Number of protein chains: 2
Amino acid sequence: MVMGMPAVKPWVASIDIGGTWTRFAAVTIDGEVRGRERFATGAESSPDMVRARWRDRWAALIEREGSGGPPVAVGIGATGPVERDSGRLLEVPNAGPGLQGAELVAEFRMLSGVPVVLERDTCAALLAEAHAGAGAGCSELVYVTVSTGVGGAVLSDSRLVLGRAGGAGEIGHVIADPAGPLCGCGRTGCLEAIASGPAIAAAATRMLGEPAAGRLRELLGEGEPTGLRVSEAAAVGDPVAIAILATARDALARSIVDLANTFDPERIVVGGSVAEGNPGWIPVLQHAVREQALRPTRDALSVVPAALGDDAVLLGAARLAWEESGIASGMP
Amino acid sequence: MVMGMPAVKPWVASIDIGGTWTRFAAVTIDGEVRGRERFATGAESSPDMVRARWRDRWAALIEREGSGGPPVAVGIGATGPVERDSGRLLEVPNAGPGLQGAELVAEFRMLSGVPVVLERDTCAALLAEAHAGAGAGCSELVYVTVSTGVGGAVLSDSRLVLGRAGGAGEIGHVIADPAGPLCGCGRTGCLEAIASGPAIAAAATRMLGEPAAGRLRELLGEGEPTGLRVSEAAAVGDPVAIAILATARDALARSIVDLANTFDPERIVVGGSVAEGNPGWIPVLQHAVREQALRPTRDALSVVPAALGDDAVLLGAARLAWEESGIASGMP
């Protein structure tokens with residue numbers, strides 16, 4: 001080290017592009033996450049406006065974290081489906097025009113001048129949970145996120161199950177109940193259409209006209225219901241809110257047992273804001289697996305909450321960026 | 001070659017142990033299947049009787065095919081769940097006492113004196129279809145068999161998805177309809193409880209008391225209905241039989257689309273006696289995938305009938321036996 005210069009650690013830029021929020025951060029070679037920033041993805045606005053915001057926030061990240069030099073690589077975890085080879089998003093369901101077909105790798109390559117790697121957000125989160133989170137030590141792992149959407153990813157023999165075009169793990173779009181509500185994907189009764197935050201809110205909206213829902217109407221007050229507010233109403237004992245959440249939880253339990261029989265994993269990690277907001281679901285899911293999955297799967301399978309919260313995608317994308325850089329990082 | 005001796009090709013013994021039928025065959029180094037024999041598995045009888053039959057039929061196979069010497073290895077594909085490392089069957093659902101915990105590798109090692117390899121039957125069939133059947137050329141492949149049971153196996157990046165204890169791919173035990181009938185596994189509405197041959201027969205039995213089922217009663221005649229006889233009644237236009245089969249087909253279609261979204265495969269191969277008996281199902285399944293699976297999965301995914309019929313498990317087990325022997329075979 002040259003005397004008088006500050007000690008500078010190599011770092012990667014890590015980017016999490018979700019349907020609602022985008023997160024930028026710097027991750028140092030020893031795994032420290034610094035300079036986290038969150039802003040609205042703005043998928044409903046034009047591609048040009050979305051790109052302008054990325055450029056603006058990229059400049060701010062470099063300003064904050066790049067005093068010792070640029071990042072050695074950029075890792076992006078983005079709401080799917082992604083096309084890894086071309087580095088772009090494909091048609092993104094349930095999203096506005098701002099993200100459709102976005103050339104993410106080309107864009108951030110131009111901004112950064114360094115290698116850029118792109119992965120689906122759920123795959124990045126799975127990798128982070130598998131290395132340093134709730135799935136640590138597992139070579140057979142299923143990750144499920146229940147949030148604005150329902151998604152997932154799968155590790156088999158320590159490798160991501162990707163499928164032909166990287167679409168494997170879209171487990172929000174399996175049928176949990178053929179008699180259930182219409183899903184944004186066009187099918188009827190997908191897990192996402194029953195257990196996601198917007199699905200819980202929609203179930204509450206459908207109930208609000210019922211005479212039995214008088215107390216729920218009071219508790220939710222004005223404005224559109226949200227999944228979070230339904231959970232709050234259930235927490236104070238409203239029976240209609242409790243029933244709505246039980247329907248979502250039971251659909252999730254069915255799909256979790258389906259995943260157990262389909263993948264025979266060591267562990268199923270359940271994350272996302274809806275799961276975090278309903279911690280009582282985890283023991284119910286565990287019980288369902290113990291009672292209903294096939295042997296020998298059910299004898300050794302645990303269902304656990306995700307451990308990395310909002311950092312999961314950032315940490316997984318950072319791991320991929322370090323791999324892309326060719327520099328061995330000290331990330332766990 | 002010594003003059004006067006017959007030309008003898010190296011061969012492996014291949015064994016397919018199903019819940020109903022057991023098949024033995026010899027497979028030569030160039031992939032020729034010889035000396036096929038089929039006999040009732042007899043799972044309902046005692047383990048000793050099942051073993052006695054294996055020994056008897058093994059002696060007959062060696063008598064028929066072993067004039068030039070013993071096989072170089074034995075490959076077994078057995079109704080799951082199998083424990084590969086210990087070479088035995090675990091608890092087999094819906095089967096009598098004859099197969100429970102059977103020490104297959106030890107048994108056939110003792111009989112043959114050569115290396116023995118054990119795989120779940122659906123995994124063996126998948127490998128055969130992937131190399132020399134309807135999935136040839138695919139590195140991302142799902143195999144589904146609809147027969148006495150419903151099962152499957154998955155190839156991801158040209159490798160079997162096995163799971164922790166080899167149970168992955170048990171896709172007969174995913175819920176196709178939570179309002180469906182009770183399954184032998186204890187859950188309600190599993191695909192197997194709706195689309196398997198016995199499930200179709202059970203649906204017919206439930207309908208026979210209905211006034212609308214008069215013609216079906218006549219067509220089925222005396223005795224217990226079977227899936228095959230329901231298909232025959234549908235083929236001559238009986239509307240009740242047609243409706244029963246449509247329920248089974250639509251449940252299968254839902255699960256096939258679920259598998260498409262879960263694995264993003266290049267191809268889904270559908271085999272088994274029920275699928276073979278209802279060839280009109282394949283275009284319906286293909287249509288469901290094209291209309292309902294997520295993009296980009298649905299754009300490139302084909303649903304095709306299995307190509308290897310009753311030989312699939314034998315051919316896959318033979319392939320594994322050649323691998324186990326260390327001799328490079330000319331099997332396709």
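Select H5(A) and H8(A) first: H5(A) passes H8(A) in a right-handed crossing, meaning that the near helix is turned clockwise from the far one by less than a right angle. Helices here are DSSP runs (H or I, at least four residues), numbered from the N terminus. The model is predicted, with local features needing pLDDT of at least 70 and side-chain atom pairs pLDDT 80 or more, while totals for chains, interfaces and linings use all residues. Residues are numbered from 1 along each chain as its sequence is written, and chains are lettered from A in the order in which they are written.

Stay on this pair. H5 (residues 197-207) and H8 (residues 239-263) of chain A pack at about 140°, with axes 10 Å apart; axes are lines fitted to C-alpha atoms over the stretch in contact, and angles run from 0 to 180 degrees between N-to-C directions.

Next, select H8(B). Its 25 residues reach 35 Å from first C-alpha to last, close to the expected 36 Å (1.5 Å times one less than the number of residues). Of these, 19 are buried (20 or more other C-beta atoms within 10 Å of the residue's own, placed from the backbone). Just after H8(B), B:Asp264 takes a positive phi of about 45°.

Finally, show both chains. A rotation of 180° with 0.0 Å of shift along its axis superposes chain B on chain A, RMSD 0.0 Å (least squares on C-alpha atoms of residues with pLDDT of at least 70 in both). That is the relation of a two-fold axis. In chain B, the C-alpha nearest the axis belongs to B:Asp177, 3.1 Å away.

Note on methods:
Helices (H or I, at least four residues) and strands (E, at least two) are DSSP runs, numbered from the N terminus. A residue is buried if 20 or more other C-beta atoms lie within 10 Å of its own, exposed if 12 or fewer, and partly exposed in between; C-beta atoms are placed from the backbone.
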